[in-house]
Amino acid sequence: MQGVPIPTTKLLKIDYLADDTVYPCNSAVQVNSIVYFDGSAILQRCSNNNAATLPVIGIVKAKISDTSCQLQFIGERNGFSGIVPNTRYYLGVNGAVTATPPSTAGTSIVPIGIGKNTATIELRLSLQMTNN
């Protein structure tokens, strides 16, 4: 008796899971900014030292215009510089990422992802945060 052949499929590499929706954003928001929705449903930059700018919604993958953008939520995000592979990255201030978790009283530790190479972070955005 022969065994049943196991079907084989090709695995697709998904570089990112993103939303093609165009969102309104503040003009200060840039590609790779970590963002949240303000009370008017406009994307603004998050900061680890301002709880009113949390939770993190996503990272800007593209600026469509000065006041509109698209988001990415998980997967590889490139366009950074100085990223250290296998290093954890956290929300910094003004939408930036940092390898140093904040330790000052009143700040929030928000995981963003893990360095893959010198220009890429594997996003692992978290709604959970730890407050200092």
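Predicted model: local features only at pLDDT ≥ 70, side-chain atom pairs only at ≥ 80, totals over all residues.
Local features require pLDDT of at least 70 and side-chain atom pairs pLDDT 80 or more, whereas totals for chains, interfaces and linings use all residues. Residues are numbered from 1 along each chain as its sequence is written, and side-chain values use heavy atoms, without hydrogens and water.

**Exercise 1.** Determine how many salt bridges the whole structure holds, and describe the residues that form them.

*Solution.* 
Step 1. The criterion is a side-chain nitrogen of Lys or Arg within 4 Å of a carboxyl oxygen of Asp or Glu. A search of the whole structure with this criterion returns 2 salt bridges.
Step 2. Lys116 pairs with Glu76, with 2.1 Å between the closest N and O atoms. This pair joins distant parts of the chain, 40 residues apart: Glu76 lies in strand E5 (residues 68-78) and Lys116 in strand E9 (residues 111-117). Strands are DSSP runs of at least two residues, numbered from the N terminus.
Step 3. Glu122 pairs with Arg124, the closest N and O atoms being 3.3 Å apart.
Step 4. Accessibility is classed as buried (under 20% relative accessible area), exposed (over 50%) or partly exposed (in between), with a 1.4 Å probe and protein chains only. Lys116 is partly exposed at 41%, as are Arg124 at 47% and Glu122 at 22%.

Conventions. Helix = DSSP H or I, 4+ residues; strand = E, 2+ residues; numbered from the N terminus.
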